[in-house]
Amino acid sequence: MNTINEYLSLEEFTAIVFKNNKVAVSDGVLNRVEESFNFLKEFSGNKVIYGVNTGFGPMAQYRIKDEDRLQLQYNLIRSHSSGTGKPLSPVCVKSAILARLNTLSLGNSGVHPSVIHLMKEFINRDITPLIFEHGGVGASGDLVQLAHLALTLIGEGEVFYKGERRATKEVFEIENLQPINVEIREGLALMNGTSVMTGIGIVNVHNAQKVLDWSIKLSCAINEIVQAYDDHLSAELNNTKRHFGQQEVAKMMRENLTDSALVRKREDHLYTGENTEDVFKEKVQEYYSLRCVPQILGPVLDTINTVASVLENEINSANDNPIVDVKNQHVYHGGNFHGDYISLEMDKLKLVVAKLTMLAERQLNYLLNSKLNEILPPFVNLGTLGFNFGMQGVQFTATSTTAESQMLSNSMYVHSIPNNNDNQDIVSMGTNAAVITGKVIENAFEVLAIELITIVQAIDALEFKDEVSTVTRKMYDEVRVIIPEFKQDQVMYPFVQKVKEYLMAE
């Protein structure tokens with residue numbers, strides 16, 4: 001059980017989203033929310049406050065009659081429930097709900113406490129609102145996507161429940177739940193924030209950390225396969241550059257290779273003074289995709305850490321407008337809903353994951369090209385050359401998928417399009433950035449799956465399975481359960497999918 005209190009760490013957040021920990025809300029939070037609600041109700045009685053007694057966006061210049069205030073909130077929710085495309089995955093929706101729950105729990109939004117209660121119940125009972133990928137420009141919050149969340153909280157729209165897409169009203173009857181109380185600005189408070197892009201962003205970071213861990217393991221295995229010299233991983237070399245990521249990746253690789261019988265010491269071979277060759281038979285240095293892994297994956301690690309920090313700040317921030325300040329007895333109008341922080345971080349994340357994917361594709365190509373590695377048959381074909389194809393077919397998939405990620409890694413952060421009668425004249429496109437980043441990360445898993453199958457085939461081709469490190473051997477054994485060693489051609493896509501699922505599940 002994780003309790004919403006003063007601060008929700010990213011570790012606590014991901015435990016709820018990925019480990020299905022239940023959510024509780026402390027009495028202190030409920031009191032804070034109720035105090036904010038009561039203050040706003042009194043404060044707004046004779047003042048002009050955006051979204052309480054005014055229209056929205058460019059229509060804010062129009063006063064709303066007192067008797068129409070509540071209907072205004074319903075009008076906003078219903079009219080903006082206009083998303084299209086694929087539904088967001090249940091884990092992304094759960095993450096988005098938790099992000100919205102936490103920010104509204106800060107007491108800066110003036111919502112009725114029933115909003116907090118019902119979102120908590122959605123999470124704990126695995127009720128997933130239907131929210132679509134397309135619709136948010138990420139400036140006045142994730143308006144469209146969060147409207148779909150708000151729609152279900154008022155008992156309308158659709159949800160996914162026990163594997164079925166059903167009317168929210170039906171699920172409320174089954175679970176004995178009541179819609180939220182719409183009292184002042186609940187519609188606007190639910191919609192006017194960055195919680196969908198942030199929720200998706202946290203899922204992306206979680207998966208990017210997995211991708212990086214696998215990329216490091218696979219890079220170690222390739223260095224074993226070619227019996228590389230280990231000095232490019234040494235602390236002495238990597239500590240001469242003052243970047244945490246590079247130093248940490250090199251350290252992890254050294255630890256993974258501690259008990260490998262294959263990586264070599266340069267001093268035992270090229271530094272003995274006994275080599276008299278004019279043209280060296282063995283490579284003095286490996287190709288960059290093997291030798292420069294700490295320098296390539298180091299920035300990936302540093303970026304993931306930075307993105308995680310920004311996301312943790314965002315889930316603990318008031319991203320709403322206006323902001324209710326009970327302490328100073330005031331309501332401030334501004335733009336905390338703007339998603340530029342998240343948009344920029346998602347662009348950075350998809351950029352580094354695309355680069356990681358490019359590294360994997362180059363490592364794969366090295367293994368498949370016998371003229372480069374000079375130790376393996378073409379395409380790591382363990383069958384009959386010319387008659388069988390080995391890994392030739394799946395290389396096309398890896399290359400194509402990598403190319404897609406290169407294209408998708410272009411920035412959304414700078415692709416602002418004015419809209420909303422130019423009221424929203426510069427926007428973040430943060431939700432698009434987050435969704436596309438998720439696609440780039442999934443692509444990385446696909447390319448790594450193909451690379452991993454090739455690695456285990458290469459280990460068998462060279463009969464190295466008893467000489468690789470413990471880390472590599474464990475990986476080898478687990479993959480061989482999924483796809484045994486093969487010489488004859490077989491349909492590959494089910495195996496690639498299963499290895500991808502294995503990588504994503506770890």
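The legends below describe close-up views of a predicted model. Local features need pLDDT of at least 70 and side-chain atom pairs count only at pLDDT 80 or more, whereas totals for chains, interfaces and linings use all residues. Residues are numbered from 1 along each chain as its sequence is written, and side-chain values use heavy atoms, with hydrogens and water left out.

**View A. Packing of helix α9 against helix α13.** The axes of α9 (residues 195–225) and α13 (residues 293–315), lines fitted to C-alpha atoms over the stretch in contact, come within 10 Å and cross at roughly 160°. The two helices are therefore roughly antiparallel, a term used for angles over 145 degrees on a scale from 0 to 180 degrees between N-to-C directions. Contact (heavy atoms within 4.5 Å) involves residues including I202, V205 and L212 of α9 and L297, I304 and L311 of α13.

**View B. Salt bridge between D231 and R266.** The closest N and O atoms of this salt bridge (a side-chain nitrogen of Lys or Arg within 4 Å of a carboxyl oxygen of Asp or Glu) are 2.7 Å apart. D231 lies in the loop between α9 and α10 and R266 in the loop between α11 and α12, 35 residues apart. R266 is buried at 11% relative accessible area, while D231 is partly exposed at 28%; buried means under 20%, exposed over 50% and partly exposed in between, with a 1.4 Å probe and protein chains only.

**View C. Salt bridge between K283 and E374.** The side chains meet at 3.9 Å, N to O, and the pair ties together parts that are 91 residues apart in sequence. K283 is partly exposed at 24%, whereas E374 is exposed at 58%.

Methods:
Helices (H or I, at least four residues) and strands (E, at least two) are DSSP runs, numbered from the N terminus. Angles under 35 degrees count as roughly parallel, over 145 as roughly antiparallel, 65 to 115 as roughly perpendicular and the rest as oblique.
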